[in-house]
Amino acid sequence: MITGASRGLGEHIARALTNYGFNTLLCARDMDKLKDLADEFNQQEPGDSIALPIDFHRPESLRDISQAIPKQWPPISVLINNAGYYRPAPLEDTNLNHFKKHMEVNCQGPFILARELVPKMARQGSGFVANILATGAVEARLNHCAYNASKFALRGLTLSLSEEFQDRGVHLVAITVNGEIDSPKKRSEQPHRDPSSFINPRSIAREIIHLYEQPRDAWTRELDLHPQIKPGG
Ligand SMILES: NC(=O)c1ccc[n+]([C@@H]2O[C@H](COP(=O)([O-])OP(=O)(O)OC[C@H]3O[C@@H](n4cnc5c(N)ncnc54)[C@H](OP(=O)(O)O)[C@@H]3O)[C@@H](O)[C@H]2O)c1
């Protein structure tokens, strides 16, 4: 299950996990994009990919996720919380609604999904959850109070659940993407920037597979990914 699979990093993760051989549950609000992606994946292996509408601003849309899975599929054993909400603003322009929206997508949604899926993984004795953080989960940034709070909270949630579930076979990992992810839009916005100062989303997806494959005696709990070249460096 990959959240925020309709574009950006989530799409790359979905592609990598599908190529790896997983059945993929592609989640976001934009069903047209998700269906196109699922159709593309199902051309390789029919029936292996499903588009599922979820909206973290409407927690009721997260109910009964397990029932969206075809009977012949195995239970969900991998959850990638990638969906993100990012609208930086100074405190005086951050009203409660703005703050809540960050919390709903960046922390409350992953909490609801963890409540639904992680105990089931524990009962099976195995599972893997990767939560995508950002620099804003480990460093305060100017005018980022809502984003900082929500990503710090997601980091705390991940580490706490790791404490609670690792000895029951569930590997939870907080991945800090410590830099800007490469995309055509970012490149056109910053035409003079050294492209190698962006993080390639395919590299992040590859790291997720590496984490998934880790043996039980050497699990990473936190991973900090950053490009070798700093922007402007
Ligand atoms: N971009 C960067 O440079 C960067 C840097 C560091 C960390 N990150 C982190 O990496 C992750 C992916 O970033 P990105 O730039 O690839 O994101 P993005 O292009 O902005 O896409 C965000 C994804 O989240 C989904 N989403 C947003 N609001 C949602 C909601 N209410 N309910 C359900 N899904 C929702 C979107 O789908 P719909 O709109 O279809 O719902 C979309 O698939 C995020 O967690 C972000 O914090 C990004």
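Modeller: What follows is a set of questions on the terms used for this chain, with the values behind them.

Modeller: This is a predicted model, in which local features need pLDDT of at least 70, side-chain atom pairs count only at pLDDT 80 or more, and totals for chains, interfaces and linings use all residues. Residues are numbered from 1 along each chain as its sequence is written.

Colleague: How do you know how many helices and strands the chain has?

Modeller: Helices (H or I, at least four residues) and strands (E, at least two) are DSSP runs, numbered from the N terminus. By that rule the chain has 6 helices and 7 strands. Along the sequence they follow the pattern β-α-β-α-β-β-α-β-α-β-α-α-β.

Colleague: What makes the radius of gyration of the chain agree with a compact globule?

Modeller: The radius is taken over C-alpha atoms, and the globule rule is 2.2 Å times the number of residues to the power 0.38. For 233 residues that gives a value near 17 Å, and the chain has 17 Å, so the two agree. The C-alpha trace spans about 50 × 40 × 35 Å along its principal axes.

Colleague: How does the span of helix H3 compare with the expected one?

Modeller: The expected span is 1.5 Å times one less than the number of residues. H3 (residues 96-124) has 29 residues, and its 40 Å from first C-alpha to last is close to the expected 42 Å.

Colleague: What is meant by a kink in H3, and where is it centred?

Modeller: The bend at a residue is the angle between axes fitted to the seven residues ending there and the seven starting there. In H3 there is a kink of about 50°, centred on Glu104. After the helix comes Gly125, with a positive phi near 85°.

Colleague: Why is Asn143 called partly exposed?

Modeller: A residue is buried if 20 or more other C-beta atoms, placed from the backbone, lie within 10 Å of its own, exposed if 12 or fewer, and partly exposed in between. Asn143 has 13 such neighbours, so it counts as partly exposed. Asn143 lies in the loop between S5 and H4, and has a positive phi of about 60° although it is not a glycine.

Colleague: Which residues come nearest the ligand?

Modeller: A residue is near a molecule or strand if its C-beta atom, placed from the backbone, lies within 6 Å of it. Of the 24 residues around the ligand, Gly4, Gly8, Arg29, Asp30 and Gly84 come nearest. The elements giving two or more residues to this shell are helix H1 (8-20) and S5, and H1 gives the most, with 3 residues.
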